[in-house]
Amino acid sequence: MVNREVVNCEQVWKEISNYVDGDVDAALRSTMEEHFRACKRCASVLAGTRNVVQLYGDERMLEVPTGFSRRLEKRLAKKAGGERWSSWSVWLVPVAAIALIVGGLKLTNTFSFRHPVRSILAAPVHGVPPDMQVVVSSGSKVFHVAGCPFIHDKASERTITAKQAMQDGYVPCSRCLRQYLKTSVTGHSGAEVADSAAAEEEEEQEELLSAAGQNAAGH
Amino acid sequence: MSEPGMVLNNPVQMGTRERDLISDVQRGQHELFYELVRPYERRVYAAALAILRNEHDAEDAAQEAMLKAFANIRQFRAEARFSTWLIQITVNEALMRRRRERTVPMEGIDNRVDEESGYAPRDFADWREIPSEALERKEVRQRLAEALATLDRKYREVFVLRDMEHLNIQETAEALGITAASVKTRLLRARLMLRDLLAAGWEQGWFSRLPFEKGTKPW
């Protein structure tokens, strides 16, 4: 503890740094000031200490190597670019995943549900007993049950198994074998099925009329 | 939003400007970060140099510290001083490198007894005046830097952070992981040693010749 009334040189030196920083109490400050007035050596030490603080505390003492700023700016720009990518990348994976899922669903809807690009006749057939005897004929790729009024060109009809018919590219008649098609068009709207069936019916009616005309001409 | 390129001399305006910049960078305007740290790049470099004593290592550490500050800018809280936060990151980076690389020669063994003992000035040259233009001379700045470089690490680090970086006692203590009392003791010795080194030079016309060779101390 420094004597607040009288201080010697060593005590002054010990507190001189705090004195310069204003970090001594009023009593000690007063005592030290009195000492400085009387002691030329300590006054010189005080002045020198203040000069050191002033000189080194000057901004001009802080120098950086040539090109430091440019190199720093370059590194920061690179890092900032990386950070931007990085922050994007945080979202990129989940966004891409969602896009893939949504896109996948949309594609599934597009090709399987909303817009049937294939004819109802080309729709997958389900539940047709492979050994069932069906009738096929020339001029049509539709197979029927025997006696179906919509068999085209009855003169050329022949009986084969449903499995063989389908392997040969025949599809079930939408009239006599409709039950096997109904199960295969799940997802189609009723209107679409009806429209498709109506178109097919018109086509087959035309075929029947054409065949009847040919038969009549033959007689 | 901040207006880039604005030049402000008023400390209050500068403080407002800095807060705006910090806020902008935190919100994602990464390109403004360099503008934010540019006023401190010399202080950051000086802090790294005080610890690493090698210009190349100091530059790399200083720039790495600023990259880390950029990466962690969201963690900065307004109640802290940005400059202090930046310097502390730099000190941590430099100390970590010194521990990791162990390329900086160990020096100035931390001798608590030596630290506690008093320091007596060796030179009582009258050094009361400093020509204001002194620091304009590169030679003067260079010799001041050389004098600083001769100090043992523990004194140099405290002196740089306190008197050149203008951290307060507590901030300096926290940055270096030492007590406030140690900061005061080391600061006192650093100031007095520098005064001894420089006073003689001053008396002889500002270092017309250095009274000591680099790496050796007259005390």
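**Chain A, elements.** I counted secondary structure in chain A of this predicted model and found seven helices and four strands. From the N terminus on, I read the order as α-α-α-α-β-β-β-α-β-α-α. I then looked up burial: 21% of the 219 residues in chain A are buried. For contacts in chain A with a separation of 6 or more, I noted that 65% are accounted for by residues 24 or more positions apart.

**Chain A, confidence.** I checked pLDDT next. The average for chain A is 71, and 60% of the residues score at least 70. I marked two stretches of chain A. Over residues 84-93 of chain A pLDDT stays under 50, and the model has one contact beyond four places in sequence for them. Over residues 107-123 of chain A pLDDT also stays under 50, but here I found 21 contacts beyond four places in sequence. Where pLDDT is low, the predicted coordinates should not be read in detail, so I leave the matter there.

**Chain B, elements.** Chain B has ten helices and zero strands, and its pattern along the sequence is α-α-α-α-α-α-α-α-α-α. Of the 219 residues in chain B, 39% are buried. Among contacts in chain B between residues at least 6 apart in sequence, I noted 65% that join residues at least 24 apart.

**Helix 4 of chain B.** I took the end-to-end span of this helix. Its 17 residues reach 24 Å from the first C-alpha to the last, close to the 24 Å expected at 1.5 Å a residue. I listed its buried residues: B:Ala58, B:Glu59, B:Ala61, B:Ala62, B:Gln63, B:Ala65, B:Met66, B:Leu67 and B:Ala69.

In soluble globular proteins, nonpolar side chains tend to be buried together. I looked for such groups here. The largest nonpolar core has 71 residues, of which B:Val44, B:Ala47, B:Ala48 and B:Met66 touch the most other members. Helix 10 of chain B gives the largest share of this core, ten residues. I followed B:Ala48 further. Leaving aside neighbours within four places in sequence, B:Ala48 is in contact with B:Ala58, B:Ala61, B:Ala62, B:Ala65, B:Thr90 and B:Ala94. I also found a second, separate core of 16 residues, which includes A:Val135, A:Val136, A:Phe143 and A:Cys176.

**B:Met193.** I picked one residue in helix 10 of chain B, B:Met193. I count B:Met193 as buried because it has 25 C-beta neighbours inside 10 Å, where the cut-off is 20 or more. I also took its distance to B:Leu151, 42 residues away along the chain: the C-alpha atoms are separated by 7.9 Å.

**Interface.** Last, I looked at where the chains meet. I found 40 residues of chain B in contact with 36 residues of chain A. On the chain B side, the elements that give two or more residues are helix 2 (33-37), helix 3 (41-52), helix 4 (55-71), helix 7 (138-149), helix 8 (153-164) and helix 10 (180-203). Helix 10 of chain B supplies the largest share of that side, nine residues. By class, I sorted the side of chain B that touches chain A into 23 nonpolar, four polar and 13 charged residues.

Notes: Residues numbered from 1 in each chain as written. Chains lettered and ligands numbered in written order. Predicted model: local features only at pLDDT ≥ 70, side-chain atom pairs only at ≥ 80, totals over all residues. Contact = placed C-beta atoms within 7 Å. Nonpolar A, V, L, I, M, F, W, Y, C, P; charged D, E, K, R; others polar. Buried ≥ 20, exposed ≤ 12 C-beta atoms within 10 Å, placed from the backbone. Core = buried A, V, L, I, M, F, W, Y, C linked by C-beta atoms within 7 Å. Expected span 1.5 Å × (residues − 1). pLDDT = per-residue confidence, 0-100.
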